[in-house]
Amino acid sequence: MWNTIITSLPELLSAMIQYTIPLALLSFLFGLILAVLTALIKFIKPSENKALKYPWLVLRAIASFYVWLFRSTPLLVQLFIIFFGLPNAGIQLDPFIAATIGFSLNTGAYASETIRSALMSVPQDQWDAAYTLNFSTTQTLNKIILPQAIRIALPPLSNSFIGLVKDTSLASSITILEMFQVSQQMTAKNFEPLLMYSLVAALYAIICSILTLLQHYLEKRTNKYVKGSAA
Amino acid sequence: MISLKHINKSYEGKTVLNDISVDFPAGKTTVILGPSGSGKSTLLRSIDLLVRPESGSVEFPNLTYDYSKPISKKDSFSLRQKTSMVFQNWNLFPNLTVLKNITTAPMTVLGQSKAEAEKHAKELIKRVGLAGLEERYPSQLSGGQQQRISICRALAMNPEYILLDEPTSALDPELETQVLRILEELCKQGQSMVIVTHNMDFARLVSDKIVFIEDGTKVYDGDTKDFFENPTPRIKDFLSGISIDPTVEEK
Ligand SMILES: Nc1ncnc2c1ncn2[C@@H]1O[C@H](COP(=O)(O)OP(=O)(O)OP(=O)(O)O)[C@@H](O)[C@H]1O
Ligand SMILES: [Mg+2]
């Protein structure tokens with residue numbers, strides 16, 4: 001048994017470093033950017049200025065449609081459409097890029113709702129305090145509201161990130177040689193499915209545990225930003 | 001001087017401010033009194049556009065803003081530049097240190113340099129007796145300390161007026177005294193202030209003028225001495241009610 005583990009571990013680890021981790025990191029990064037933008041579009045009320053009002057309403061409609069679409073369809077189906085479907089429309093994507101796009105869009109849709117609810121949970125008092133000091137809406141968002149919202153969203157965002165790490169195993173179905181795919185290929189050779197799949201499960205668990213520790217560290221470090229933020 | 005003229009405000013059809021006109025003289029302290037729900041906060045917040053009355057105007061020497069007309073960004077900026085609000089729950093920014101709570105607005109809004117803003121902030125912190133706490137976060141301070149810092153934050157914008165909405169109502173008597181002392185000091189220095197308070201002793205001590213409102217209507221507007229020494233029957237009721245009403249904060 002140890003022999004099998006020792007011989008398969010290097011390949012699994014290399015798949016982890018080459019695909020699983022970069023896929024998760026990149027998708028989370030892009031997803032987060034997308035999520036903040038989407039959340040802001042849905043959060044900020046259209047201005048009274050007519051010239052800006054209608055473009056903003058259109059943007060809002062697009063944002064809502066995007067969130068609805070990616071939350072109402074299975075991730076695996078989304079990946080299939082992007083990788084196997086789009087070539088029919090003349091868009092051929094490298095599997096890694098297709099997977100990154102799919103995971104980013106999916107993460108972005110979920111995380112945008114997390115961030116939007118965090119934005120809403122920053123008390124009106126904070127806006128009042130910023131406005132009396134003559135901050136503009138943009139300055140208030142940047143300096144006061146978003147930093148607090150991100151802190152509030154930290155635990156649920158960590159949840160999304162951990163979910164994403166595990167979901168990268170779905171990329172195996174669009175030909176990416178990530179960790180799970182490699183474990184399947186090895187199983188086909190060594191006929192040790194219990195051992196191989198347990199091993200790969202353990203590797204996912206290790207990554208996720210490290211992320212959980214990181215989350216707790218970040219929460220602790222930023223605790224003083226939220227505790228007792230006035231009544 | 002700030003003059004509010006014919007202010008009307010309602011929420012969901014219920015009139016909260018009914019044709020109120022009142023002057024807040026420069027260099028003086030005006031105290032707004034009235035029972036709970038009478039519209040004191042609404043009136044005070046109108047000056048800083050945190051509440052937008054349906055009609056009426058706010059006037060400064062050479063400047064008039066009509067609440068019933070759209071107020072441009074530029075106008076609301078110059079209006080807010082003249083006043084800064086201090087809140088009952090101080091509303092410090094929990095994500096920023098004490099120093100940054102004070103310096104962020106002068107740097108971002110007034111374009112002060114970091115050095116300049118920090119120098120001013122440190123002077124203010126020293127003035128309220130909290131030197132050494134610059135790098136703490138609000139959550140690491142007591143309520144009284146937070147309120148003193150929030151007064152610094154307001155002063156750092158060099159407003160003509162400071163507007164205070166029950167600045168000590170959320171504080172224990174001991175902490176309240178620390179804050180009141182600072183306000184008394186500011187008052188002596190001729191800082192223009194408008195204060196909503198339930199602390200009658202303090203009102204009597206610092207105010208040059210009392211405005212008493214009830215149910216959104218101005219009932220008294222005048223001299224402090226007169227208010228306390230020759231009260232009308234209604235004011236007498238209010239003043240005696242304050243001292244025995246168990247729901248009102250201990251003084
Ligand atoms: N955002 C709001 N929506 C609806 N009604 C409101 C709102 N803000 C205030 N009111 C109502 O307006 C009235 C005046 O409120 P305001 O806060 O100005 O009273 P106040 O004199 O400051 O009272 P207190 O001493 O309790 O602070 C109250 O009846 C209150 O319920
Ligand atoms: Mg009030």
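Author: The following account takes the salt bridges in turn and closes with the surroundings of the ligand.

The model is predicted. Over all chains, a search of the whole structure finds 13 salt bridges. Side chains of opposite charge can pair when their charged atoms come close.

One of the salt bridges joins Lys9(B) to Glu54(B), with an N to O distance of 3.7 Å. This pair links distant parts of the chain, 45 residues apart: Lys9(B) belongs to strand E1 (residues 2–11) of chain B, while Glu54(B) sits in the loop between helix H1 (40–47) and strand E4 (55–60). Lys9(B) has a relative accessible area of 10% and is therefore buried, the limit being under 20%. Glu54(B), at 39% relative accessibility, counts as partly exposed.

A further salt bridge connects Glu160(B) with Lys82(B), whose closest N and O atoms are 3.3 Å apart. Both partners lie in loops of chain B: Glu160(B) is found between helix H5 (143–155) and strand E7 (161–165), and Lys82(B) between helix H2 (73–81) and strand E6 (83–86), so the pair ties together parts that are 78 residues apart in sequence. Lys82(B) counts as buried at 15% relative accessibility, whereas Glu160(B) counts as partly exposed at 41%.

Lys209(B) and Asp221(B) also meet through their side chains in a salt bridge, at 3.1 Å from N to O. Because Lys209(B) lies in strand E9 (residues 209–214) and Asp221(B) in strand E10 (residues 217–223) of chain B, the pair ties together parts that are 12 residues apart in sequence. Lys209(B) is buried at 13% relative accessibility, and Asp221(B) is partly exposed at 31%. In chain A, salt bridges that share partners join Lys42(A), Glu113(A) and Arg116(A) into one network.

Lysine side chains also figure in the contacts of ligand 1. An oxygen atom of ligand 1 lies 2.8 Å from a polar side-chain atom of Lys40(B), and an oxygen atom of the ligand is 3.0 Å from an N or O atom in the side chain of Lys14(B). For Ser38(B), a polar backbone atom is 3.2 Å from a ligand oxygen. Taken alone, ligand 1 exposes 640 Å², of which the protein buries 62%. The elements giving two or more residues to the shell are strand E2 (14–24) and H1 of chain B, and H1(B) gives the most, with 3 residues. By class, the shell has 3 nonpolar, 7 polar and 3 charged residues.

Note on methods. Residues numbered from 1 in each chain as written. Chains lettered and ligands numbered in written order. Predicted model: local features only at pLDDT ≥ 70, side-chain atom pairs only at ≥ 80, totals over all residues. Heavy atoms only, no water. Salt bridge = Lys/Arg side-chain N within 4 Å of Asp/Glu carboxyl O. Helix = DSSP H or I, 4+ residues; strand = E, 2+ residues; numbered from the N terminus. Buried < 20%, exposed > 50% of the residue type's maximum accessible area, 1.4 Å probe, protein only. Polar contact = N/O pair within 3.5 Å; in protein donor to acceptor, adjacent residues only side chain to side chain. Areas by Shrake-Rupley, 256 points an atom, 1.4 Å probe, with all protein chains shown as cover. Nonpolar A, V, L, I, M, F, W, Y, C, P; charged D, E, K, R; others polar.
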